Amino acid sequence: MEQHPTLLRLTDVKSRTGLGKTKIYELMGEGDFPKPVKIGPLSLWVESEVEAWITAIIESRDSAEA
């Protein structure tokens with residue numbers, strides 16, 4: 001059975017990242033955060049892309065400390 005990607009609302013993205021709406025959109029504008037999928041007026045983020053971004057931030061921190 002094929003698993004479909006999970007889509008997150010902005011409130012979920014904010015909760016997972018600890019970032020506010022303004023910072024999320026600022027990072028997106030700089031190309032440093034995943035862009036949302038637009039469904040009508042909704043902006044929804046692909047969960048796996050947000051999780052990969054979080055992992056990359058942690059790895060960047062860890063490599064800078066080494």
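The side chains of arginine 16 and glutamate 47 meet in a salt bridge, with an N to O distance of 2.8 Å; a salt bridge is taken as a side-chain nitrogen of Lys or Arg within 4 Å of a carboxyl oxygen of Asp or Glu. Because arginine 16 lies in helix H1 and glutamate 47 in helix H3, the pair ties together parts that are 31 residues apart in sequence. Helices (H or I, at least four residues) and strands (E, at least two) are DSSP runs, numbered from the N terminus. The model is a predicted one, in which local features need pLDDT of at least 70 and side-chain atom pairs count only at pLDDT 80 or more, while totals for chains, interfaces and linings use all residues. Residues are numbered from 1 along each chain as its sequence is written, and side-chain values use heavy atoms, with hydrogens and water left out.

Arginine 16 also forms a salt bridge with glutamate 51, the closest N and O atoms being 2.8 Å apart. This second pair likewise links distant parts of the chain, with arginine 16 in helix H1 and glutamate 51 in helix H3, 35 residues apart. Relative accessible area was used to class residues as buried (under 20%), exposed (over 50%) or partly exposed (in between), with a 1.4 Å probe and protein chains only. On this scale arginine 16 is partly exposed at 36%, glutamate 47 is partly exposed at 23%, and glutamate 51 is partly exposed at 33%. A search of the whole structure finds four salt bridges. Among them is the pair of aspartate 62 and arginine 61, whose side chains meet at 2.7 Å, N to O. Aspartate 62 is partly exposed at 36% relative accessibility, and arginine 61 is partly exposed at 46%. Side chains of opposite charge can pair when their charged atoms come close.

The largest nonpolar core has 11 residues: Leu8, Leu10, Val13, Ile24, Leu27, Met28, Phe33, Trp45, Val50, Trp53 and Ile54. A nonpolar core is a set of buried Ala, Val, Leu, Ile, Met, Phe, Trp, Tyr and Cys residues joined through side-chain atoms within 4.5 Å. Two or more residues of this core come from each of helix H1 (10-17), helix H2 (21-29) and helix H3 (47-65). In soluble globular proteins, nonpolar side chains tend to be buried together. Valine 50 is in contact (heavy atoms within 4.5 Å) with Leu8, Val13, Thr17, Phe33, Pro34 and Trp45, leaving aside neighbours within four places in sequence.

Threonine 17 is placed in helix H1 and counts as buried, at 18% relative accessibility.

Serine 43 is found in strand S3 (residues 42-46) and is buried, with a relative accessible area of 16%. Its side chain is joined to that of lysine 38 by a polar contact of 3.1 Å. A polar contact is a pair of N or O atoms within 3.5 Å; within protein, one must be able to donate a hydrogen and the other to accept it, and residues adjacent in sequence count only if both atoms are side-chain atoms. Not counting residues up to four places away in sequence, serine 43 touches Leu8, Leu10, Tyr25, Pro36, Val37 and Lys38.

Valine 37 lies in strand S2 (residues 37-39) and is partly exposed, with a relative accessible area of 33%. Leu7, Val37, Ile39 and Leu42 form a nonpolar patch on the surface, with about 290 Å² of accessible area together. Patches are made of residues with over 30% relative accessible area and no salt bridge, like charges being joined within 9 Å and nonpolar side chains (Val, Leu, Ile, Met, Phe, Trp, Tyr) within 5 Å. Accessible areas come from the Shrake-Rupley method with a 1.4 Å probe, and for residues only the protein chains shown count as cover.

Lysine 21 is placed in helix H2 and is partly exposed, with a relative accessible area of 48%. Lysine 21 touches Leu10 and Lys14, residues up to four places away in sequence not being counted.
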